Amino acid sequence: MVDRYVMSIDQGTTSTRCILFDHSGRLCAVSQREHQQYFPRPGWVEHDAVEIWRNVQRIVPEALRNAGVDAGAVAAIGIANQRETTVLWDRRTGAPLGRAIVWQDTRTAPLVDALRDRPGDEFFLDRCGLPASTYFSAPKIRWLFEHTEGLEERARNGDVLFGTMESWLIWNLTGGTDGGLHITDPTNAGRTMLVNIRTLTWDPELLDFFGVPRALLPEIRSSAESYGEARALLPGVRITAALGDQQAALFGQTCFSPGEAKCTYGTGSFLLMNTGTELVRSRNGLLTTVAYKIAGEPTVYALEGPMAVTGSLVQWFRDRLGMISTAPEIETLARTVEDNGGCYIVPAFSGLFAPHWRSDARGVVVGLTSYITRGHLARAVLEATAWQTREVVDAMNADSGLALRQLKVDGGMTSDHLLMQMLADVLDVPVVRPLVSETVSLGAAYAAGLAVGYWADLEVLRRNWHRAGQWIPQMSPERRAWEYESWQRAVERSLDWVRPRPDGV
């Protein structure tokens, strides 16, 4: 009998990966390619959607070769993707109408500020569970309409399609201009500010407010169901799952019960807690979001706390400041000192996300004295991720009424043992890392496999989860409280930094 696999295509912020998983959830083959990051102006972040599709065309055959199999060995395809990143393309030619605007991009800040005044956050929170923010897709679509001549009219005529990255890839995989499927799932659609969080349908009031025509938008399907067969790269293989990357990680970490939480530490970091079929409205600066929707079953919701700059702060420390030559060196450098020397770094490069939602904030380094060394700065870089996580956990506990008992972690930053210990210390709960660290890809594979019966049910997936590492709190309560207060004072100093620039300046 020929071994069969489930394929995951994980389209992330900095790279795209194709991974084959077997029935035990073991990674059997992987291929990966990075794509270029474009920063044409301060606060602008863009990707080339064509480059990303070409990368997928390279890595899928490469992963099959690495496994020594052909497309016939693939039982199903699941896709995970960077969320909110906005692509508009021509329905007839398939050409993107400019570069994709990435979730980190802040060019829509003036529009978002106006939304806070009229109609205000409550209008949006009540309908889509999200506050007005540059993070989400609808302001990006509106900005493109206002800055691209004729685009809105073309969209209203049905000549233009919108999607986040999973929609773009599925459309291309299933035929593109020759009948490609224009679809999305609730975990991605729910991040546009255009979907009713209760009905999981495009909301007429939100569409009207942003001036987004329904013809532009994809059909919303379940996160796990058979969408159709691929016609490119893997002809005849069914595409059966699509999940935003953070929901995919929650699924891959098998957080299937209310109160179970994970945090993925990558370019940004994202903490999600499963709240079950109950939609919990956040009062403390978190997002109410769809965790996943399996076909024929009730929607499962989550609370989310996104942190915009975590791993990218290490990259900045390496690439912009030249303090280290490789990312792993930051742990070694941070261990040359016993503490931060009174120095704190608040990385509000794109404003502050949860729980503050302040687009006027900018990064600050506070507490500098002549005593501070590169080691202290390195430690402050890592601690910034830990303290941002603490802020989100405090908000999550308050919103959910559930006290976090342990935090499951994944992502590239979890290889930093010092950071993991910092997390356990500031959260005062155990931090655990799974044996399979590629939980975003694994979650997309799990959802795809469930849809075709490759895995029988959620309990089978739970049995696949195995712990690889654990960190136990060691910090005293007194020091924890002192350091947290110092961090909060540093955050206050990052606020109200962005001001309108007067004419002629």
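Helices (H or I, at least four residues) and strands (E, at least two) are, throughout this talk, DSSP runs numbered from the N terminus. The structure is a predicted model, in which local features need pLDDT of at least 70 and side-chain atom pairs count only at pLDDT 80 or more, while totals for chains, interfaces and linings use all residues. Residues are numbered from 1 along each chain as its sequence is written, and side-chain values use heavy atoms, with hydrogens and water left out.

Let me begin with a threonine. T16 lies in strand 2, residues 15-21. Is T16 buried or exposed? T16 counts as buried because its relative accessibility is 0%; buried means under 20% relative accessible area, exposed over 50%, and partly exposed in between, with a 1.4 Å probe and protein chains only. Setting aside neighbours within four places in sequence, T16 is in contact with I9, D10, Q11, S31, Q32, R33, H35, I52, V56 and I59, where contact means heavy atoms within 4.5 Å. With Q11, the side chain of T16 also forms a polar contact of 3.1 Å. A polar contact is a pair of N or O atoms within 3.5 Å; within protein, one must be able to donate a hydrogen and the other to accept it, and residues adjacent in sequence count only if both atoms are side-chain atoms.

I turn now to the helix pairs. Helix 1, residues 49-67, packs against helix 6, residues 165-173, at an angle of about 55 degrees, and the axes are 11 Å apart. Axes here are lines fitted to C-alpha atoms, for helices over the stretch in contact, and angles run from 0 to 180 degrees between N-to-C directions. Helix 1 and helix 6 are therefore oblique to each other. In this scheme, angles under 35 degrees count as roughly parallel, over 145 as roughly antiparallel, 65 to 115 as roughly perpendicular, and the rest as oblique. The crossing of helix 1 past helix 6 is right-handed; a crossing is left-handed if the near helix is turned anticlockwise from the far one by less than a right angle, and right-handed if clockwise. Helix 1 contributes A49, V50, I52, W53 and V56 to the contact, and helix 6 contributes M165, W168, L169, N172 and L173. By class, this contact of helix 1 with helix 6 has nine nonpolar residues, one polar and no charged ones. For these classes, Ala, Val, Leu, Ile, Met, Phe, Trp, Tyr, Cys and Pro count as nonpolar, Asp, Glu, Lys and Arg as charged, and the others, Gly among them, as polar.

The second pair is helix 12, residues 374-400, and helix 13, residues 417-427, with an angle of about 40 degrees and axes 9 Å apart. Helix 12 and helix 13 are therefore oblique to each other, and helix 12 passes helix 13 in a right-handed crossing. On the side of helix 12, the residues are R379, L382, E383, T385, A386, W387, T389, R390 and V393, and they meet L418, L419, M422, L423, V426 and L427 of helix 13. The contact of helix 12 with helix 13 comprises 10 nonpolar, two polar and three charged residues.

Among the contact residues are D245, A248 and F251 of helix 9, and L442, Y446 and L450 of helix 14.

Next, the backbone. As background, most residues other than glycine have a negative phi, and most peptide bonds are trans. Where does E84, with its positive phi of about 70 degrees, sit? E84 is in the loop between strand 5 (74-81) and strand 6 (87-90), and it counts as buried because its relative accessibility is 2%. L200 also has a positive phi, near 60 degrees. L200 belongs to the loop between strand 10 (195-196) and strand 11 (201-202), and at 13% relative accessibility L200 counts as buried. A cis peptide bond, with omega about -5 degrees, joins A354 and P355. P355 is in the loop between strand 19 (344-346) and strand 20 (364-366).

Finally, two further residues. T289, in strand 17 (residues 287-292), counts as buried at 1% relative accessibility. The side chain of T289 makes a polar contact of 3.4 Å with that of Q247. P258 is found in the loop between helix 9 and strand 15 (261-265), and is exposed, with a relative accessible area of 54%.
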